[in-house]
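Here is a short briefing to read alongside the structure. Take a look at the model, and then we can walk through a few spots together.

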Amino acid sequence: MPGLGPERLKDRSPFYPDRPVPPEAFIGRAAELERMLRAGRQVSSGKPQAVFVRGEYGAGKTSLARAMRQRFLIEPRLATVYVPLATAQEIDEIGGLVARAFLEEQWAEPRFGERLRNLFANYVGDQTLLGMFTLHLDKLRADGPTLTRGMLPFLVEINARGRDAGYKGLMVILDEINGLADTPEFARLIKGLYDANAMREEPIPLLLVLCGTRERWDELVRHHPSIDRIFEIVDVSLLSEEECRKFYTERFRHVGMSIDADASATFWEASLGLPKLMHVLGDAAFWIDTDGCIDSHDAIDSIKDATITIGRKLVKPLSDTIHDKQYRTLLGRIRAANRNDFKVDTLATGPADKKLAQSFLSSMRDLDAAEQLDGGFWRLSDTLVYAYIRMLSREDSN
C-alpha cells in the first residue's frame, strides 16, 4: 500500500527478470497445469505419458516446469526431477545428467535419497558438514554413454525404490534442449526410451516432459515423424491483458505496493503479455518508484529503463544492429503496422527507403531475428524481438 515507507521495501524485488520464477511466485497457467495434472494422474495409475511443453523464448516454459515439479511431488505423488540440458554437448551426456539430477534432489523422504545413493554408489563421495553428499562428476561424465544407453534400466531401479518410499511413478523434465533437438540422435533417443518402456511387460509409470520452442518441436518431428503420435502438446501462450493486470497487482501487493489501472495497461501494451518482459518491466518499476504506488509516469520511466536492460542482456547483437541511425527510422513503421509480419513496402516510402528496408531485414535474418515468408512477407522471429522494436520506437517518438 502507498505510504508504507518505500525505503524499507527496497531490499528485494518481487520480480525475477534473470531467472525462472520460483513456484511460490508462479501466477496463472491454470489450463496448462490442469492438462499436465491430467497426464500426471494417468501416470500415477500406471499409464506412461509424454508431453512437450511448447512456447517461444520468454513465455514461461521453465517456470511452468518448475511449478509442475513442486506440485507433482505432492499430488499425484511422482518422484520428479528437472534436468536442464544446456551444458550437454553430445547425446551421450544426457544419461549422466538425469542420474545427477536424481542424486542432487533434496528428497522429502530420506530413505529414498539413501537408496538412490546406494544405487549410484560409484558416483557418490563423502558427506559434508552440512549433511550433503559430494558427487564424482568426472565419473558421471565418463560413464555418460553407458548411462544414456541404459537410461531405462536405471529408471526402472529408481522407480522401484520410489515405490518403497510412497511415490507412484516418475516425472523427468528435460529443458533447454536447443543444442540437441536438431540432431536425429536426440529424436531417436527420446522415441527409443518411450517405445522400450511401452514394450515392457509392466511399463514403469513415467511422465517424460520436454520443454522447447515450436522450432525445436518441428525439428524433432522432422527427424522422427512418429514422435508426433506419442507426445501431447501443451502450448504456453502469451498472457492476456487481464492475466497481466492480475500479475502486477499480486506481485506489487506482495511487497506492500500497488499499481494503478493506467500503469497496468501501459505494461500490457509494452510487454505484449510475454512473461519475461513483464518481469523486466516490473523489476524496473519496483526500483524506480518512490511512493509505493506505480502510476503511468512510473510505467513510462520503467519502459525506458527496461529497454536498455533488454538490449544489453537479452538481444545484444540485435540491439547493436537496430541502433544504426539509418535503421531506427524503420522501427516506427513496424510499430505502426501493429503486427509481427509485413511486407517490405510497409517499411518503405520510396525507392531509397525500400533499399534500406531490404538491408535492415537481411541483417535481421542473419541474426535469426526475422525470416522471409512466401508472398513477399517477412516475420520477426518472436514476441521478444517485436516488443523490443516497439519499445525502442516508443522511446524515439517521445
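Let's begin with one serine: Ser63 counts as buried because its relative accessibility is 9%, and the cut-off for buried is under 20%. Please keep in mind that this is a predicted model.

**Ser63 and its surroundings**
- Ser63 belongs to helix 2, which spans residues 61-72.
- Setting aside residues up to four places away in sequence, Ser63 touches Pro20, Val21 and Phe26.

**Strand 6 and its partners**
- Strand 6 covers residues 206-212, and seven of its seven residues are buried.
- Both of its faces are covered: one side carries Leu206, Leu208, Leu210 and Gly212, while the other carries Leu207, Val209 and Cys211.
- Strand 1 (residues 49-54) runs parallel to strand 6, and six bridges join the two.
- Within strand 6, Val209 is the residue that stands opposite Val51.
- Strand 5 (residues 169-175) also pairs with strand 6 in the parallel sense, over five bridges.
- Leu210 of strand 6 has Leu174 standing opposite.

**The nonpolar cores**
- The largest nonpolar core holds 76 residues, and the members that touch the most others are Met68, Leu207, Tyr248 and Phe360.
- Helix 20 (residues 383-397) supplies the largest share of this core, with eight residues.
- Apart from this core lies another one of 54 residues, among them Ala50, Trp107, Leu147 and Ile177.
- Leu207 is worth a look in the viewer: leaving aside neighbours within four places in sequence, its contacts include Met36, Ala39, Gly40 and Val43.
- Further contacts of Leu207 include Gln49, Ala50 and Val51, as well as Leu170, Met171 and Val172.
- Phe72 and Leu78 are also among the residues in contact with Leu207.

**An exposed isoleucine**
- Is Ile74 buried or exposed? Ile74 counts as exposed because its relative accessibility is 63%, and the cut-off for exposed is over 50%.
- You will find Ile74 in the loop between helix 2 and strand 2 (78-84).
- Ile74 and Leu272 lie 198 residues apart in sequence, and their C-alpha atoms are 34 Å apart in space.

Note on methods. Residues numbered from 1 in each chain as written. Predicted model: local features only at pLDDT ≥ 70, side-chain atom pairs only at ≥ 80, totals over all residues. Heavy atoms only, no water. Buried < 20%, exposed > 50% of the residue type's maximum accessible area, 1.4 Å probe, protein only. Helix = DSSP H or I, 4+ residues; strand = E, 2+ residues; numbered from the N terminus. Pairing = 2+ DSSP bridges. Contact = heavy atoms within 4.5 Å. Core = buried A, V, L, I, M, F, W, Y, C linked by side-chain atoms within 4.5 Å.
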